[in-house]
Each structure stands twice: as structure tokens, then as C-alpha cells.
2 protein chains.
Amino acid sequence: MKALEDKILKEGKVFPGNILKVGSFLNHQLDVAFLMEVGAEISRLYKDSRIDKILTIETSGIAIAFAAACHMNLPVVFAKKNNSYNLSNDVYCKRVESFTHKNTNNVIVSKEFLHKGERVLIIDDFLAVGNALVGLLDICREAEVEVVGCAIAIEKAFQGGGDKIRSSGIRVESLAIIEEMTDNTLIFRKQ
Amino acid sequence: MKALEDKILKEGKVFPGNILKVGSFLNHQLDVAFLMEVGAEISRLYKDSRIDKILTIETSGIAIAFAAACHMNLPVVFAKKNNSYNLSNDVYCKRVESFTHKNTNNVIVSKEFLHKGERVLIIDDFLAVGNALVGLLDICREAEVEVVGCAIAIEKAFQGGGDKIRSSGIRVESLAIIEEMTDNTLIFRKQ
């Protein structure tokens with residue numbers, strides 16, 4: 001998505017440790033009109049798929065998932081991250097390590113909101129090493145829902161998660177794929 | 001908002017400690033079409049106000065703020081909650097106690113995204129004792145932005161926060177105001 005690549009080039013900031021901050025439109029401030037365009041693009045990519053529900057993960061996945069859901073007329077479920085959650089039998093839970101925040105969280109979805117046989121589109125803001133996405137995929141497997149595919153705003157391809165998940169046979173559509181990233185250069189994969 | 005009261009009566013679940021769970025449409029699963037109606041109602045209530053930006057707080061404020069922002073054509077800033085945030089001079093930060101989760105968080109907004117003189121509408125999902133809202137109002141005061149008012153989906157009036165903030169002269173519009181809540185009864189304030 002050319003408009004997203006341009007936005008990243010204009011507003012993104014690279015920090016040590018392969019961190020790309022896009023707080024001006026996605027992770028702290030939300031450029032709602034622009035994110036609605038991102039949602040429209042996700043809707044276009046998956047227009048031929050039958051989908052019952054969008055699954056995302058708090059916090060920064062919510063806005064994009066909401067935008068896509070507006071265009072696709074679907075409900076969203078957002079997985080919760082929690083360290084101290086009083087776990088019960090009523091939830092699916094996976095331990096997920098965060099590359100960005102250098103910590104480990106429980107990723108939790110209530111069993112109430114994922115039903116066997118449902119067709120689910122997973123949406124997230126970033127895909128780097130892929131831990132969060134793998135956690136969501138594990139939850140989907142346990143819930144016996146069918147993953148139609150994944151839609152990601154920004155993939156950092158040099159961290160390998162996206163291509164690893166693709167090679168397992170899952171459709172992963174990333175709207176901007178960064179092949180190389182340094183303090184002053186971003187190179188996107190041609191799509 | 002009658003449709004919201006009906007939705008709470010139909011789908012809300014009351015738990016010990018004055019907890020009302022609306023996970024089926026607001027706090028875990030998002031009924032996106034319905035939340036867009038909630039956003040339209042917020043837009044209607046503030047249609048005569050000049051507003052530059054919506055301020056909300058992660059996690060559950062984001063979806064409603066996004067919905068309202070779609071109708072009002074505004075950007076959103078969501079405050080972050082964090083215990084271990086490496087605080088710098090670049091952020092506004094207030095300590096806020098959570099009634100629901102029985103813990104204390106830093107509520108943080110980057111100085112980059114609130115500018116002196118901006119006119120801000122604060123949106124959140126719940127208003128109970130009002131700690132989160134007071135924290136956001138404190139941040140707005142420190143940032144020297146002008147708070148046009150607050151829009152809340154569900155106010156638990158019996159916990160007092162809403163009326164206390166109103167009595168300080170701030171406009172607080174809550175779409176559903178619960179006066180009394182027991183395991184099997186919810187009584188709404190007439191509006």
C-alpha cells in the first residue's frame with residue numbers, strides 16, 4: 001500500500017534495536033481518516049473470503065481491526081495481554097514474548113467469543129519475529145476456528161516472522177513490508 | 001441513549017464489587033456496527049463545539065473514540081497505561097488507581113501529541129469513581145489544552161465520579177447512566 005509506505009517514510013522514526021515508531025498515526029496518536037483507508041485496503045484484499053470475525057490483540061491492533069471491520073461489517077475480538085490475570089477455564093491463553101517490550105505476557109481470549117468452525121481474519125499493527133501472531137494462531141487452533149488469513153499493517157521482513165508463517169501455509173498480507181531498516185534508510189519489498 | 005441501555009440490559013453481566021462486564025460488545029468483543037452508532041451519538045452531542053482532537057485511554061476507550069472520530073473527522077490520541085515505563089521529560093504522566101483492576105498505573109501521553117491551546121474532547125468507555133478521567137483532566141491542564149467536555153459510554157452514577165466532575169464545571173455526557181445496580185436489577189437515570 002503505497003500510501004502507507006509514504007506515511008512511514010514521512011512520519012516513522014527508527015530507534016536502536018530495530019524499533020520503528022509510528023506513534024503519530026498508529027501507536028499513540030491515531031490518524032483515523034488514514035486508518036480507515038488502511039481498513040479499506042484490508043477489506044479489498046480479503047473481499048473474496050468468507051469471514052465471520054476479526055481477531056486482533058490489544059492495544060495497537062484495535063484501531064486497524066476496527067477500521068477494517070467497519071468496511072467488512074464484522075465484529076472484532078481483541079485478545080488481552082496480561083501478566084497477572086486470574087486464569088480460569090473460560091479462556092484460551094498463550095505465553096507470548098514481546099520483542100519490542102522485552103517482556104512476556106499472557107495473551108488471552110475468552111472462550112465465549114471464539115466458536116468452533118468460525119472463519120477468522122487476524123489483524124495486527126506490526127509483524128516482526130511473529131511471536132504475537134503465532135500466539136493468536138495457537139489460540140485459533142485450540143478454539144478450532146478456521147484462520148482465513150492475517151492482515152498486518154507493517155511487517156519488518158528482516159526479522160523473519162512473516163515469511164516463516166507464510167511458509168507454514170497461512171496467508172499473510174502485509175500492507176508495507178520493510179526489507180531493510182537503518183537510522184536513515186527504509187527499503188520496502190516490492191509488492 | 002436508549003439503544004445502549006437496552007444493549008446493557010440484554011448483554012451486560014454484573015459481578016461482585018460493582019463490576020459490570022460488557023465484554024460482548026465493548027471490552028473484549030467489539031460490536032463495531034453498534035459502536036459506530038455510539039460514536040454518532042457522541043458526535044451529535046458535541047456538534048456545536050469546535051474540537052481539534054479526541055483524547056482517550058487504552059484499552060477499551062480506543063474503539064469508541066475511533067468510532068466518534070470517524071463521524072467527527074478528528075484524530076485520536078490514546079493515553080497509555082504502564083507500570084514500568086521508562087519515564088522521560090517528553091511525556092505527561094499521572095498516577096491513576098484503577099477501581100476495577102485494583103491496581104495503580106502511570107497514565108502517559110507524549111508531549112508530542114498535545115499542544116497548548118488545542119480543544120480536546122475526552123472519551124472513555126466507563127466512568128465510575130472517576131480516577132482515570134481525573135488523570136486525563138490533570139494531563140490536559142498540564143498540557144494547557146482546553147477540555148471541551150467528556151463523553152462516556154457507561155457511567156456508574158452510584159460511584160460518584162461523574163457528578164463530582166460535573167460539579168467542578170466540566171461538561172460530562174454519559175450515554176447510559178446507571179443509578180442502581182444489583183445482580184438482577186439495573187436502574188438508569190432519566191436523561
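The side chains of A:E146 and A:R119 meet in a salt bridge with an N to O distance of 3.1 Å, a salt bridge being a side-chain nitrogen of Lys or Arg within 4 Å of a carboxyl oxygen of Asp or Glu. This is a predicted model, in which local features need pLDDT of at least 70 and side-chain atom pairs count only at pLDDT 80 or more, while totals for chains, interfaces and linings use all residues. Residues are numbered from 1 along each chain as its sequence is written, chains are lettered from A in the order in which they are written, and side-chain values use heavy atoms, with hydrogens and water left out. Over all chains, the structure holds 32 salt bridges.

- A:E146 belongs to strand β9 (residues 146-156) and A:R119 to strand β8 (residues 119-127) of chain A, so their pairing ties together parts that are 27 residues apart in sequence. Helices (H or I, at least four residues) and strands (E, at least two) are DSSP runs, numbered from the N terminus.
- A:R119 is buried, at a relative accessible area of 17%, whereas A:E146 is partly exposed at 44%. Buried means under 20% relative accessible area, exposed over 50%, and partly exposed in between (1.4 Å probe, protein chains only).
- A salt bridge also joins the side chains of A:D163 and A:R166, at 2.8 Å from N to O. The two residues are 3 residues apart in helix α6 (residues 161-167) of chain A, and are therefore separated by about one helical turn.
- Both members of this pair are partly exposed, A:D163 with a relative accessible area of 32% and A:R166 with 23%.
- A:R189 and A:E179 meet through their side chains in a salt bridge of 2.5 Å, N to O. This pair links distant parts of the chain, 10 residues apart: A:R189 lies in the segment after β11 (186-188) of chain A, and A:E179 in strand β10 (residues 172-181) of chain A.
- A:R189 is partly exposed at 23% relative accessible area, and A:E179 is partly exposed at 29%.
- A network of salt bridges links A:E155, A:D163, A:R166, A:E179 and A:R189.

**Interface of chains A and B**

- In chain A, 35 residues are in contact (heavy atoms within 4.5 Å) with 35 residues of chain B.
- About 2600 Å² is buried between the two chains, and carbon and sulfur atoms give 68% of this area. Buried area is the accessible area (1.4 Å probe) that two parts lose on being put together, summed over both.
- On the chain A side, A:H28, A:V32 and A:F66 lose the most area to chain B, together 28% of what that side buries.
- Between chain A and chain B there are 2 salt bridges. A:E112 forms a salt bridge with B:K13, the closest N and O atoms being 3.0 Å apart.
- Elements of chain A that each supply at least two residues of the side touching chain B include α3 (32-45), α4 (61-72) and β7 (103-110). The largest share of that side, 6 residues, comes from α4(A).

**Nonpolar core**

- The largest nonpolar core has 82 residues, and those with the most contacts inside it are A:I54, A:I154, B:I42, B:I54 and B:I154. Such a core is a set of buried Ala, Val, Leu, Ile, Met, Phe, Trp, Tyr and Cys residues joined through side-chain atoms within 4.5 Å.
- Not counting residues up to four places away in sequence, A:I54 touches residues including A:A65, A:M72, A:V77, A:L121 and A:I123.
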